[in-house]
Amino acid sequence: MKIGFIGAGKVGTSMGKLFCQHGVDVTGYYSRTREHAEEAAAFTRTRCFDTWKDVVDASDTLFITTPDSAIARVWDDITTLPIKSKRICHCSGALPSSIFADADEHGAGVCSVHPLLAVSDRFSSWEQLEGAFFTLEGSCAAQMEPLMQRCGAQTATIRAEDKARYHLAACVVSNLAVGLSHWGMQLLEQCGFTERQALSALSPLILGNAQAICEKGPQQALTGPAERGDMGTIQSHMACLDREDQALYALLTRKLCDLAQEKHPDRDDTILRTYLEGLS
């Protein structure tokens, strides 16, 4: 397999380095910003291509690692070239492989190869990709799976119609968790904490909770008033919030009640649930 990249940002550079470290033949990079392609090629000791025709001709597998908004446009451009029997991949978490429209008519296999990981740095994130979880979706997913496993990755294959739900799951535990952490910091700042103090105070809770979830699963990691069925504490929390935040707190706590019910199946939390439903 000879892999070329169109796009030399954080994901493209990191994926290329990961492949090179595991003995995969990476042909090199093309980017609209030539400086980025030159840097990625130097980092991976591969080639910098002058045109996407050059990288397409040199490769039997192409990773389009541009921003999501540009993937369809790049696909339209490369379909004017001979891509029969080539594999065309992207690394978007949100987009399905069907973004490569009419791939069958062009004789190309397609796949979404998404690392379930925040890739934050062009030149160091590749190390985190080793052992990361990759989700595959598309007509050549079965061909890409052994490649990713060769690179130490865990893999799962999903259906195109599940891609949005899959991406939602990632956002819930990543982006929305960031929002909840910010909300908690704001509440401490209302108590007189500085922003720095609030972050320092909450960091052990954030890290400890994440570690407990990963080690024991959400049910066993659950603590707090919802887990205890502690109506009095929940009501005192509600008294601190405006109507909009009360609704959010109530919705989230109802989710925790579902988890607490699984953990304590003999406990009746009807009164607490009725109270929360009236606020959400």
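**Cysteines and a helix pair**

Tutor: C20 is partly exposed, its relative accessible area being 24% (buried is under 20%, exposed over 50%, partly exposed in between, with a 1.4 Å probe and protein chains only). The model is predicted: local features need pLDDT of at least 70, side-chain atom pairs count only at pLDDT 80 or more, and totals for chains, interfaces and linings use all residues. Residues are numbered from 1 along each chain as its sequence is written, and side-chain values use heavy atoms, with hydrogens and water left out.

Student: How many disulfides does a search of the whole structure find?

Tutor: A disulfide is a covalent bond between the sulfur atoms of two cysteines. The criterion is a pair of cysteine sulfur atoms within 2.5 Å. The search finds zero.

Student: At what angle do α14 and α15 pack?

Tutor: Helices are DSSP runs (H or I, at least four residues), numbered from the N terminus. Axes are lines fitted to C-alpha atoms over the stretch in contact, and angles run from 0 to 180 degrees between N-to-C directions. Helix α14 (residues 243–263) and helix α15 (residues 270–277) pack at about 160°, with axes 9 Å apart. That makes α14 roughly antiparallel to α15 (over 145 degrees).

Student: Which residues of α15 make the contact?

Tutor: On α15 they are L272, R273, L276 and E277, where contact means heavy atoms within 4.5 Å.

Definitions and conventions: Helices (H or I, at least four residues) and strands (E, at least two) are DSSP runs, numbered from the N terminus. Angles under 35 degrees count as roughly parallel, over 145 as roughly antiparallel, 65 to 115 as roughly perpendicular and the rest as oblique.
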